[in-house]
Amino acid sequence: MSPKTLYDKIWDAHVADEADDGTCLLYIDRHLVHEVTSPQAFEGLRMTGRTVRRPDQTIAVPDHNVPTTLDRANAATMTEDSRVQVAALDTNAKEFGLHYYPVSDVRQGIVHIVGPEQGWTLPGMTVVCGDSHTATHGAFGSLAHGIGTSEVEHVLATQTLIQKKSKNMKVEITGKLPTGVTAKDITMTVIGETGTAGGTGYVIEYCGEAIRELSMEGRMTVCNMAIEGGARAGLIAPDEKTFEYCMGRPHAPKGAQWEAALAWWKTLYSDDDAHWDKVITIKAEDIAPAVTWGTSPEDVLPITAKVPMASDFQGGKIDAAKRSIEYMGLTEGMPLTDITIDTVFIGSCTNGRIEDLRAAAAILKGKKVKEGMRAMIVPGSGLVRAQAEEEGLADIFKEAGFEWRLAGCSMCLAMNPDQLAPGERCAATSNRNFEGRQGRGGRTHLVSPAMAAAAAITGHLTDVREMM
Amino acid sequence: MNKFTTLSGIAAPLPLINIDTDMIIPKQFLKTIKRSGLGVNLFDEMRYDDDRNEIPDFVLNKPQYREAQILVAGDNFGCGSSREHAPWAIADFGITCVIAPSYADIFYNNCFKNGILPIALPQEQVDILMKDAEKGANARIEIDLEAQTITSSDGEVFTFEVDPFKKHCLMNGLDDIGLTMEKAAAIDSFEASASQARPWV
């Protein structure tokens with residue numbers, strides 16, 4: 001048998017049909033659904049008299065629109081159009097008999113945090129969702145990617161996707177990460193290296209000692225931003241950490257089924273002599289705490305660097321860099337640590353898990369946020385919130401001057417009341433620094449949770465290693 | 001779905017790289033539960049000021065491009081969020097063809113589900129068509145999907161690649177779901193064998 005990559009193995013196990021030209025029907029094991037990209041798909045089903053083929057494999061949770069303030073049970077905290085969208089998910093989930101975590105459920109949260117937490121995401125699965133950050137689930141060695149609403153409808157109706165196979169790319173992070181450098185810095189540094197289109201047409205497998213050393217939470221952070229590198233999906237081969245994370249979760253297999261699953265999961269790795277279409281190797285020791293200066297996730301630099309000169313770039317990137325520097329209100333050549341911050345957002349599907357909150361708390365313990373700073377921590381799920389309270393992290397955040405919110409997507413994309421005003425500058429642990437992403441005219445610097453906590457204390461972008 | 005066969009139209013130049021789907025349709029317009037009506041908000045934050053007045057310099061606000069049916073843009077068009085509201089907004093405005101050196105994966109696939117043809121061409125050829133587009137309403141670009149050709153206003157012809165299955169669906173306005181349902185037997189049989197092989201799923 002010819003050697004295979006992990007992606008090859010998962011792909012081969014899910015091809016339900018292959019046409020002569022290589023177009024496949026890929027069978028989907030788990031379909032996650034949220035309120036923003038699904039209403040038109042359900043409407044499509046109704047208009048054509050179709051139904052959901054596998055409601056038992058379809059999981060719905062509202063996250064994008066929901067307010068994260070403590071008073072969110074009060075309907076007045078939502079705009080009418082947000083309310084309509086959440087109500088539509090509620091109706092669709094009940095009418096089609098989906099697994100459903102409504103806003104009132106303690107398990108509610110960001111779909112990409114709830115899925116793994118409840119054991120819906122398991123190694124070797126195909127997982128899709130009408131959301132580009134579905135890549136997150138690749139941390140379990142599952143093939144997971146975002147789809148559009150037409151494809152959501154296609155999966156609802158047929159439990160398959162029409163796909164052609166992507167190419168294989170290996171991203172190896174060798175050696176050990178230096179102190180103060182996290183999974184977020186790895187994934188941002190990779191995008192800085194490859195660019196936002198570097199992964200287009202590929203599925204990335206992240207490997208190497210530094211990846212192996214990461215917790216499952218850290219691996220989810222790495223895979224989450226595979227999409228920012230343009231890849232169809234990001235993957236990490238499952239290992240003992242993965243199995244340990246999955247064991248005992250509500251929807252993970254039990255008893256003999258667990259043993260059978262484990263036996264198969266242990267075959268899910270890339271064979272030694274597998275073929276890679278592209279390989280990137282980065283030494284962990286070369287990675288520093290990372291920050292974005294511009295309006296594309298590829299605009300990444302180590303915190304010790306300076307805002308670049310637009311003339312340092314080539315081609316279309318020269319104009320793009322000029323536009324970014326102007327939008328961001330920066331000066332070419334200024335040290336990144338001179339950039340003052342007025343808002344700090346810790347949360348999102350990239351960095352809203354318990355480990356992220358622990359990293360932020362380690363920096364914030366016994367400290368206060370800079371006067372005038374607007375700082376919020378938004379846990380990724382109700383269960384993350386509960387755990388953080390149990391561990392005493394919430395008290396650290398509140399004493400430091402952070403708002404301690406309920407779970408949701410919050411300021412990552414500002415579809416809810418959490419937004420930046422024009423010109424406001426935010427250190428954010430989310431995944432996109434696009435123009436207007438966090439609110440019209442808002443300025444976003446992407447960083448790790450520890451770096452965001454450091455900036456909250458000093459009031460400017462700060463090398464967190466100086467505070468450790 | 002609307003068919004796409006040939007198109008002769010005005011092309012609007014948007015010479016920016018990495019145009020993301022947040023730019024194409026900002027988040028506040030994702031709260032709709034319909035697919036239609038988003039054209040007025042296409043490129044909303046570039047197109048209108050804070051008081052909702054049109055920004056005259058933005059290409060789609062210029063008189064010669066208000067009826068544009070083609071968009072010529074930079075590398076990595078449609079990156080970011082998977083929101084299909086982006087192609088919905090583009091189609092609702094009346095644009096049914098995008099020409100750029102490259103596209104983000106999800107956006108590219110979403111176009112074909114909405115009667116939009118995204119054409120990838122080498123940078124040099126996009127540069128030529130960008131110049132053509134900058135000439136305004138007198139410069140019509142012609143696209144023939146069957147022949148896989150683009151003809152510039154000067155009569156220069158470029159050929160482009162497109163996946164044969166996607167081309168077939170676009171030319172005939174076919175519904176993917178209907179096509180897949182014809183293969184229900186294959187799906188049933190896969191499902192039965194997968195539930196034996198991986199009963200824990």
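This tour moves through a predicted model, stop by stop, saying what to select and what is found there.

Residues are numbered from 1 along each chain as its sequence is written, chains are lettered from A and ligands numbered from 1 in the order in which they are written. Because the model is predicted, local features need pLDDT of at least 70 and side-chain atom pairs count only at pLDDT 80 or more, while totals for chains, interfaces and linings use all residues, and side-chain values use heavy atoms, with hydrogens and water left out.

**Strand S3 of chain A**

Begin by selecting residues 30-33 of chain A, which form strand S3; strands (E, at least two residues) and helices (H or I, at least four) are DSSP runs, numbered from the N terminus. Arg30(A) and Leu32(A) point to one side of the strand, His31(A) and Val33(A) point the other way, and all are buried, where buried means under 20% relative accessible area, exposed over 50%, and partly exposed in between (1.4 Å probe, protein chains only).

Centre the view on His31(A), whose bridge partner in S6(A) is Val128(A), and which stands opposite Thr58(A) in S4(A).

**Met188(A) and its surroundings**

Next select Met188(A), in helix H6 of chain A, which counts as buried at 1% relative accessibility. Leaving aside residues up to four places away in sequence, Met188(A) touches Met225(A), Ala290(A), Val291(A), Thr292(A), Val300(A), Leu446(A) and Val447(A), a contact meaning heavy atoms within 4.5 Å. Show Ser448(A) as well: its C-alpha atom is separated from that of Met188(A) by 9.4 Å, although the two residues are 260 residues apart along the chain.

**Two packed helices**

Now display helix H13 (residues 354-364) and helix H16 (residues 449-458), both of chain A, which pack at an angle of about 35° with their axes 8 Å apart. The axes here are lines fitted to C-alpha atoms, for helices over the stretch in contact, and angles run from 0 to 180 degrees between N-to-C directions. Asp356(A), Ala359(A), Ala360(A), Ile363(A) and Leu364(A) in H13(A) meet Pro449(A), Ala450(A), Ala453(A), Ala454(A) and Ile457(A) in H16(A).

**Salt bridges**

Turn to the charged side chains, where the count over all chains comes to 39 salt bridges, each being a side-chain nitrogen of Lys or Arg within 4 Å of a carboxyl oxygen of Asp or Glu. Select Glu95(A) and Arg46(A), which form a salt bridge with their closest N and O atoms 3.2 Å apart. Glu95(A) lies in helix H3 (residues 80-96) and Arg46(A) in helix H2 (residues 39-48) of chain A, so the pair ties together parts that are 49 residues apart in sequence. Arg46(A) is partly exposed, with a relative accessible area of 38%.

Move on to Lys176(A) and Glu209(A), a salt bridge in which the closest N and O atoms are 2.6 Å apart. Lys176(A) belongs to the loop between strand S9 (167-174) and helix H6 (183-194), and Glu209(A) to helix H7 (residues 209-212), 33 residues apart in chain A. Lys176(A) counts as exposed at 55% relative accessibility, whereas Glu209(A) is partly exposed, at 35%.

In chain B, select Glu54(B) and Arg66(B), a salt bridge with closest N and O atoms 2.8 Å apart. Both residues are in the loop between H2 and S2 of chain B, 12 residues apart. Glu54(B) is partly exposed, with a relative accessible area of 37%, and Arg66(B) also counts as partly exposed, at 37% relative accessibility.

To see residues of both chains together, select Arg53(A), Arg54(A), Asp56(A), Asp188(B) and Glu191(B), which are linked in a network of salt bridges.

**Two positive phi angles**

Finish with two backbone details. Ser410(A), in the loop between strand S17 (403-404) and strand S18 (425-428) of chain A, has a phi near 50°, a positive value in a residue other than glycine, and is buried, with a relative accessible area of 0%. Arg52(B), in the loop between helix H2 (44-47) and strand S2 (70-73) of chain B, has a positive phi near 65° and counts as partly exposed at 44% relative accessibility.

Methods: Two strands pair if DSSP finds at least two bridges between them.
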